[in-house]
Amino acid sequence: MKMASLIEIIANGAKVGDQRPWPRFAVDAVQWQEIAEGFRDGAFVLSGLWGEADAVHMALLDGASGEMAVATLPCPSGHFPSIGSIHPPAIRPERAIHDLFGHVPDGALDLRPWLDHGCWGVRHPLGVRLPAEGGSPYAFLPTEGEGLHRIAVGPVHAGIIEPGHFRFTANGEAIVRLEERFGYAHKGVESLMHGLPLDRAAKLAGRVSGDSTVAYALTFSRAAEAALGIDAPPRAHWLRALMAELERLANHLGDIGAICNDGGFALMLAHCAILRERILRASDAGFGHRLMRDAIVAGGVTTDLDPQRIFKLRQLLTELNRGFPQLVELYDNTASLQDRTVGSGRLDPALARQFGAGGFIGRASGRDFDARRKFAYPPYDQLAFDVPVRDDGDVNARVWIRIKEVEQSLALIEQILNDLPGGAVRVDLVPRAGEGVALVEGFRGDILVWLQLGDDARVRRCHLRDPSWFQWPLLEAAIEGNIVADFPLCNKSFNCSYSGSDL
Amino acid sequence: MRRLLFQGLVRSPLTERLPVPDDPELAALSRKLDAAAKRRLGRSLSIRAIDAGSCNGCELEINALSNAFYDLERFGLKFVASPRHADVLFVTGPVTKNMREALGRTYRATPDPKWVVAVGDCAIDGGLFAESYAVIGGVAEVIPVDLIIRGCPPRPRDLLNGLLALMEQPRRAASSP
């Protein structure tokens, strides 16, 4: 049977609002489930699932046609048909919707709390608020069998990383099951967004996940511009891409070094950390902040480049183009390191496809998706770059995807510096109500922001979906059968965000 | 690898030599830190980083302290994997309600004498997240804080400067939350 296209299914629903650039449709419970079946059969990718006080929304991506849409199911009764029971990637978002709004996914397989640890003093903080119940111990999934033992790790970890809990069940050294327990970094971002003016909201968006501050501010600003029906000036688009590529470079270099370090090869970390520091210093010189925080706002960017700053960025390119190939050679020629990375933490391409895993995780397991190419938002429509894809899916593949992406980013930065258009870097905003959505490729994968603005252009509702929502569950699968001692290596090769998905 | 290692032998170190000609502040810092660390703990201070709910920005800059430019360990300062090995707790983030218990337990697991540094604007007063139902606020609302280091995130140099300030401060009586 031929699958109905995305638009065919939801066009039966009524188009609601004036969401740009992709439409939003109201659907009924039957259509909602039809869409879920489309996810299950691989016709569409679930790109986001979030709540509102009286509705649930999901973002769908039609992989074949490249269409994107948002479907809204009103749920005044506080119930909606579970997607997660048909399509597992929806399970955690549904648990989060239940925690935050109180809406019940009917037929859900797993309704344990996800973000709510019983500590907030309130239940359903974004829906009909109820007083908190006494916290009961979290029920980890059972594991039974002879010789199995459990190892509890976190939320405070040995390294300098974010908080989260990992519950391993091991048989000897081999991991039989990993279960993640998160929510420790939940800061209530969506509730804080409510009522904020755009400038403050962009700052908050830039603090959802610190390593992706540029990508988040960019995604938020693009959603805001879509909602307001305006476009940033061309020079702003190019400067934004320059910052986004610098951020990608810095993170990829940090990751490559850290993965090798977790494989017992500290030399690589030392050298990658030098290049990373050079990038942060050049970013500071170019944009006034080492991580380029708060430089991207709705309407454009807050800082411009002069010839002197451009010179510093060109110097950086020279240094990286000289230093990086030596490190690639080092990685490629160190058999003892590859002994750790090759074959470890293999992620099945079928799972990457099912979960719509973005970034290097998806692309190392055969999912050929990059929002910069798929949606070619400016200036990527005018830049030449390749999207590396492999299908071996192990730690080594994720290292190589990063290496290739570093090379692509270096080439992109060179193109941007060569062809940077002139003109203004910011336009004035005219306050108005509106609804916008944006998908941007951060270093970790595609970030989705859905934004509703009120008449005074203050945020009415904002959902920020980190790529990690659809990557973290895959780590549980990829680690199975590996030894406990290889978990840090595998985890680092995923490098998912705790804060970004805890919100 | 041989070539890289050889280059390491013949090239001058990247570590910013002290005193740094263009930064008298850092030069002064290194001399003072050295003396203070020797006096306090025989030139060794162990730091344990705890993320109590940050966005991860502060962690990036804390990690940068270990790169070749800052090379934290030359001051006798090093990061350790357990609070039981630590003299100093570096706490980042607005403290989320979901992290309150873990932060308190980590503090209690750290032997006396100990110092707590609240790292970054969020750790000082909750930052942009202060008003949330899910956030307690600054670190000082949960455990006693000896020093704050501002910034979003603080630059590695600010972190180094902060550590110096800590070493210069008189030893505070141990206390529990």
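Predicted model: local features only at pLDDT ≥ 70, side-chain atom pairs only at ≥ 80, totals over all residues.
Helix α3 of chain B, residues 57-64, is mostly covered, with seven of its eight residues buried; buried means under 20% relative accessible area with a 1.4 Å probe, protein chains only. Helices here are DSSP runs of H or I of at least four residues, and strands are E runs of at least two, numbered from the N terminus.

Residues are numbered from 1 along each chain as its sequence is written, chains are lettered from A and ligands numbered from 1 in the order in which they are written, and side-chain values use heavy atoms, without hydrogens and water.

Turning to chain A, we find 17 helices and 18 strands. Of its 503 residues, 62% are buried.

Let us now consider A:S82, in the loop between β7 (79-81) and α3 (91-101) of chain A. A:S82 counts as buried because its relative accessibility is 2%. A polar atom of the A:S82 side chain lies 3.2 Å from the backbone nitrogen of A:G84 and 3.1 Å from that of A:S85. Beyond its neighbours within four places in sequence, A:S82 is in contact (heavy atoms within 4.5 Å) with A:E94, A:P105, A:D106, A:G107 and A:A108.

Methods:
Buried < 20%, exposed > 50% of the residue type's maximum accessible area, 1.4 Å probe, protein only. Polar contact = N/O pair within 3.5 Å; in protein donor to acceptor, adjacent residues only side chain to side chain.
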